[in-house]
Amino acid sequence: MEDATRTETPPTTRLVDYRPSAYLIDTVFLDLRLAPRETIVRSRLEMRPNPAVPASGASLTLDGEALTLRSLHLDGAALDAHAYTVTGEHLTLHQAPVRPFVLEIETSCDPEANTELSGLYRSNGIYCTQCEAEGFRRITYYLDRPDVLAVFTTRIEGARDETPILLGNGNPKESGRAANGHHFAIWHDPFPKPCYLFAMVAGDLACVDDRFTTASGRDVALRIYVEPGKEDRCGWAMDSLKRSMRWDEEAFGREYDLDIFMIVAVSDFNMGAMENKGLNVFNDKYVLARPDTATDADYANIESIIAHEYFHNWTGNRITCRDWFQLCLKEGLTVFRDQEFTTDIRSGTVKRIADVRLLRTQQFPEDAGPLAHPVRPEKYIEINNFYTATVYEKGAELVRMMRSLIGRRAFRAAMDLYFERHDGEAATIEQFLRCMEDASGRELGSFLRWYNQAGTPLVTVTTAYDAPSQTLELRAEQTTPPTPGQPSKAPLIIPIAFALVGSKGDLPVTNADGTPAPEILELTQASQVWRLHEVTERPVLSINRGFSAPIRLNASLSDADRLFLMGHDSDAFNRWEAGQIYAKALLVKLTRALVEGRRLWEDPAYSEALRSSLLDDRLSPALRAELLTLPTEGDLASEIGTSIEPDAIHLARRHLSAYIGRSLRDELRQAYHRHAVPGPYSPDPASAGNRALRACALTLLAAADAASGAQLAWAQFAAAENMTETFSALATLARLDRPERDAALEQFYERAKSDPLLVDKWLALQAVGPFPSTLDRVRTLMGHPEFSLKKPNKVRALIGSFAALNPVAFNDRSGRGYVLLADLLLALDPVNPQVAARLAGNFKSWRMLEPNRQALARRQIERVRAGDSLSRDLVEIVGTILA
Ligand code: B3K
Ligand code: ZN
């Protein structure tokens, strides 16, 4: 059969072409007989014409890929071969009934051959499924679109010894023995759902059990399934699940709705996790944790991803998306919800800083390059390419801005209304916005532009203070740069939180009539002016507090103003932000000096400001660690924007780190020792914050003096009693060209080799060394027995870390880094196109490079594009990047 997903010119799907389905599916009975090379799937669909679509007695086209059709019955009668057509992508009934009917389809598929990890596949002997976005069509012929909602009953049959555990969506109904050493289980999910939420898992799995009583007193069984022997690594995930369930009741009034909630951890997975109804499937990296295997960052990721998938039960599952263009309706909203969860249970400021860092490192460059697209895209070739930072992270920012505009109470009422109005439906962004409008009484029509317009707005703010009249004039202007397909942009509604900081704290600000001025300026025009009165002294402007809008900001503040805000802003987020802006400006100047062959300099005022932060015991250690962390090389590259010289950026950043490490040496050493966390490991935020500050101190000390830094890191590595301390020591050593580096990596490997998640850490750390030799090392590691193109975690650990986190080696002036990535993409694409396309995104900023590297990168991207029978996933990404 021709592989229809690898065509020369793949078709484009457009939002404007959306039409409701002519047919609906009310119930599905799915019967799967599992076998590694030939799984038989019988599907019984109760269908009817969609009353909302004028009946035409038309043909019925079902989606299907990589399937073998074995039989087809309509209302019990076998269909004649002339009555239908099968292609590599579809099964079409030429004449479908205009009344309710039953369609029975028998197909087979090959889970073992499924290296794309979409549909039904085997991971380490475990059968599992991944259907979002369009994987269900690789299990059976179906109307594979999110607006067709059906009630599913699933019967799974497999060999008792190979698959002792058989799991499906919903509640367990029946199980028993079958012929030939087989057994079966029947699961029923009473909630209508689109097929992308279907899941089944079967294999030899161990189970950790718990229970949860919902607010209304319903008893829910909780189960986490893992490979036997890993049960002792599930405690944190289970704890996180229970806390998520409680939080959603308290914060959003949302209760769980089935008798059982299951999580399965598998080792081969294309992304983090998947919210299938009642049966979440997870990359085991985001489930398994024990103090000696997982870092504080792993613990925090597990907590927020467990929460995210759980929260999808309402935002995504009970209310799903009408079409894939509305993806942000469930993803942006659910990210917003998981961010709020973390904010409530940990430090709000530290969480906000982490989210803004993510937005800046992932989403801003996406919005500024060839892959820019609106939060609600208007077209796609392969929808899997649109699970992006823009849809997820910027999507969450849009929900946050709406809450700022209508206020917290109205926002909660709007969410209640949304759940009430659209439960059981496949909804749109317009319907979500309508709930915000109806609950708040505020017209939000213009807000839709945020969903439809790509690009990061640039807001320029200037102030003029007039001492005699005690007035401050504040002028803001907005522009959004053109993005592919959107040459001109309209003004957006931008909520900008602000305060005027005086010598003794925030100044009260009033309007001309003496009423208090709002804390949030609403910028709606291209240019706007506000006049603030009774401003008793010349203030320093603290603007976009808490990052109230996802914008780039150009505020006319002096260096002295920034240093003042670093120490005095009452908004802790903006203290951090002031430091970041200061450091970025300084690093850009240092980079330029290096490029122009000028001498570098030191900046005592800045290091003094950092010293005050480091010594300020009123600030949490976690926040102090954030304040002391310089912007990344990636941040600086996107700040500079053109003719980027990655080596110069790296050297400038190293120069400043070394300078800070030298000038704060004594305080950093003290902090390093004072913040040691005694006793058994606990992942709580306070302990993690202490460890973060220690790690930050270690990094700066090692930057100042590699020899003594390596010694300190080695001592930590040798004495560490938990993975966080082991890993931070190793991460420091991995970036130092010192003998301790390889010694530590070798020791670590001895410990890691029996544990795939530790091998991932070992691979990742070898890929981030900022030296030319890293290139050869990565090449060598691609041949390591643990590395496999069939294992996304390995590919991401080695190649993802290299391309995304090591600008120096990836952008090696020889161009060999680009050759390495291109070679990998061409080899990976036939195996796993989704992961290949995701990694290809690392080429997206090639046009911002200096001319030589630009040419070298272009040659490699073109080489990829010229590859034989590329997947449409990769065709879309490389095509867009080169366009
Ligand atoms: N909804 C899934 C992502 C599916 C990705 C498909 N390529 C996980 C999540 O966002 O929760
Ligand atoms: Zn999600």
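Reader: Which domains does the assignment give for the chain?

Author: Five stretches: domain 1 (13–204), domain 2 (320–452), domain 3 (458–549), domain 4 (572–704) and domain 5 (753–883). The bounds come from an automatic or database domain assignment. This is a predicted model, where local features need pLDDT of at least 70, side-chain atom pairs count only at pLDDT 80 or more, and totals for chains, interfaces and linings use all residues. Residues are numbered from 1 along each chain as its sequence is written, and side-chain values use heavy atoms, with hydrogens and water left out.

Reader: OK, domains 4 and 5. How far apart are their C-alpha centres?

Author: They lie 28 Å apart. Nine residues of domain 4 are in contact (heavy atoms within 4.5 Å) with ten residues of domain 5.

Reader: And how much area do they bury between them?

Author: About 850 Å², with 57% of it on carbon and sulfur atoms. Buried area here is the accessible area (1.4 Å probe) that two parts lose on being put together, summed over both. On the domain 4 side, I644, P646 and D647 supply 49% of what that domain buries against domain 5, more than any other three residues.

Reader: How many salt bridges cross that interface?

Author: The rule finds two, a salt bridge being a side-chain nitrogen of Lys or Arg within 4 Å of a carboxyl oxygen of Asp or Glu. D647 and R853 meet in a salt bridge, at 3.0 Å from N to O. Helix α14 (residues 646–663) gives the largest share of the domain 4 side touching domain 5, three residues. Helices (H or I, at least four residues) and strands (E, at least two) are DSSP runs, numbered from the N terminus.

Reader: How many salt bridges does a search of the whole structure find?

Author: It finds 83. R376 and E430 form a salt bridge, with their closest N and O atoms 2.8 Å apart. R376 sits in the loop between α4 (348–367) and β23 (379–380) and E430 in helix α7 (residues 429–440), so the pair ties together parts 54 residues apart in sequence.

Reader: Switching topic: what's the strand order in the open sheet of eight strands?

Author: The order is β6-β5-β9-β3-β2-β12-β15-β14, with mixed pairing. Two strands pair if DSSP finds at least two bridges between them. β6 (77–78) and β14 (171–178) stand at the edges, each with a single partner strand, so one side of each has no neighbour in the sheet.

Reader: How many bridges join β5 to β9?

Author: Six, with β5 (residues 68–74) and β9 (residues 101–109) running antiparallel. S71 has E106 in β9 as its bridge partner.

How values were computed
Chains lettered and ligands numbered in written order.
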